[in-house]
Amino acid sequence: MIQNISKKKLVLALISLIITFFVWQQGLRESLNRPSVSFDISQKEQEISELSLQSIPINFQKFIIPTDPVEEINISLSKVAFNELTERNKLIRVISSDWDKLKIDKNLFVDLKNENYILLIDDVDKKVKDNSYMLDQDRLDLFKEDVFLYHLLSKKFDFDDSDLITKSLSKKMFLKLLAIRLLPLLTIITGSILALKILFNLVISKKIRWKEYKPLELDLIDMVLLIAGGFVVLGEVVSPLFSISLVELFSKNISVELSQSLKIFFGYLFMATPPLLIVYYQIKSVNGTFIFNKDYFHLNELSIKDAFSQGLKGWLVVIPFVLLVSLIMNTLINNQNGSNPLLEIVLNNNNYFSFFLLFLTTTILAPLFEETVFRGILLPILSRDFGIFAGIFISAFIFALAHLSISEMPPLLILGIGLGVIRMVSGSLLSSVFMHSLWNGLTFFNLFLLRT
């Protein structure tokens, strides 16, 4: 009977691995065709810089904003094929150009779906041909929800935009700009100092003090079934069919932004369910009944306060290494594609409830689920069978691979190694959960600040 069960497990594991290979291969190939969100992030920062100018003393502007933000945006957009730009960026590209040399080809805008954009292109064309042409105020007011675009149009058509671009708004944008630039810098400096201190102590002690860990009584075949069968086949392939259908059934009359957020939120819940159910039945098959033992994850090893402190320390230390690897990747490979599509959704989201759902998904659900699977279950079993160093690296590699982005794999590998180290050094899964949550939270907060 045991042999039959083992054969079934082997067959299921083999089938799961084959499906996972093709799913991940396809996902990684598709990531090469996804645009990098770094372009949008850079543009958003320039937009904020332009809107903050009136709040910065003239003597300091050249230090804080050394080049003309609008000109920088135009240069960046000019490096991208016009037909690959978003509708908004096509408009910005035209408006930010030198109108004395501009010739508008209407054929380039035949695919525009936004009627206001189509009408505005006509207005710009008329202004280019006849400098005395004036844009109607009502037409301009249609763009008030897009503050930067409104400001850009006001400058070009000689309108006073002080009713919308107030000193208060400009000051708010300036504070955003300072936060966007200073927060990462402060975390890098603090993390670098902390990392050097830890490395110095490590050289002196010549050993890493790993805490005791207790892996689940499962084998590597169980882990293949968990990751390949549960996480990939059931979680990434089968579950989305139900979650997307469910959301589409009840989201016919809601905004696109909210629909997107609901799909991501419920998609994550549906994706997390199969792996957790597999673990439940694996533990039950070993023990004859399911008993949740806190020793599996050493949840009582540290208090919540100490676990958060360890997570914070790990987060600070890993930031310089992740950014260094990202910098090397950017130096070696220009125009990297493959950013997580969730980043673009957060960056361009203007619905506060959907924003809350995205925040809940990225900073709570994702860290809890991913840390339970990769650092709570997989890492201790790999460490038991191959040693702690190999366990940390292998679990981090699978973690990076599971995000299906070739360009993001090296930084995610470093992050995964950091999460594994903090899990094994602190002895508590809560530490890596907090560290993961802080990492996602900083990314989320940065994207939130960049919204104009």
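Reader: Which helices each supply at least two residues of the lining of the second largest pocket?
Author: This is a predicted model, and in it helix H9 (167-205), helix H12 (304-332), helix H15 (388-401) and helix H16 (409-426) each supply at least two residues of that lining. H9 gives the most, with eight residues.

Reader: What is the space in the second largest pocket, and which residues that line it are the closest to its centre?
Author: About 950 Å³ of space lies in the second largest pocket. Of the 29 residues that line this pocket, the closest to its centre are Ile198, Leu202, Val317, Val421 and Val425. By class, the lining has 18 nonpolar, six polar and five charged residues.

Reader: Why is Leu226 called buried?
Author: Leu226 has a relative accessible area of 0%, and buried means under 20%, so Leu226 is called buried. Leu226 has its place in helix H10 (residues 220-250), and, not counting residues up to four places away in sequence, touches Phe231, Pro275, Ile278, Val279, Gln282, Val373 and Ile377.

Reader: How do you know whether Arg375, a charged residue, is buried or exposed?
Author: The same rule is applied: the relative accessible area of Arg375 is 0%, and because buried means under 20%, Arg375 is buried. Arg375 lies in helix H14 (residues 352-386), and, leaving aside neighbours within four places in sequence, is in contact with residues including Glu370, Phe399, Arg423 and His436.

Reader: What makes the pairing of the side chains of Arg375 and Glu371 a polar contact?
Author: The contact that joins these side chains is 2.7 Å, and since a polar contact asks for a pair of N or O atoms within 3.5 Å, one able to donate a hydrogen and the other to accept it, the pair of Arg375 and Glu371 is counted as a polar contact.

Reader: What is the span of helix H11 set against, and what follows just after this helix?
Author: Helix H11 (residues 256-287) has 32 residues and reaches 47 Å from its first C-alpha to its last, which is close to the 46 Å expected at 1.5 Å a residue. Just after H11, Gly288 takes a positive phi of about 85°.

Reader: What makes a space a cavity, and which residues line the largest cavity?
Author: A cavity is a set of points where a 1.4 Å probe fits but cannot get out. The largest cavity holds about 50 Å³ of space, and is lined by Leu216, Glu217, Leu218, Ile283, Val286, Asn287 and Tyr296.

How values were computed: Residues numbered from 1 in each chain as written. Predicted model: local features only at pLDDT ≥ 70, side-chain atom pairs only at ≥ 80, totals over all residues. Heavy atoms only, no water. Helix = DSSP H or I, 4+ residues; strand = E, 2+ residues; numbered from the N terminus. Buried < 20%, exposed > 50% of the residue type's maximum accessible area, 1.4 Å probe, protein only. Contact = heavy atoms within 4.5 Å. 1 Å grid on protein atoms, 1.4 Å probe; cavity = no way out; pocket = protein on both sides within 12 Å on 5 of 7 lines; lining within 4 Å. Points joined across faces, edges and corners; volume = space filled by probe spheres on them. Nonpolar A, V, L, I, M, F, W, Y, C, P; charged D, E, K, R; others polar. Expected span 1.5 Å × (residues − 1).
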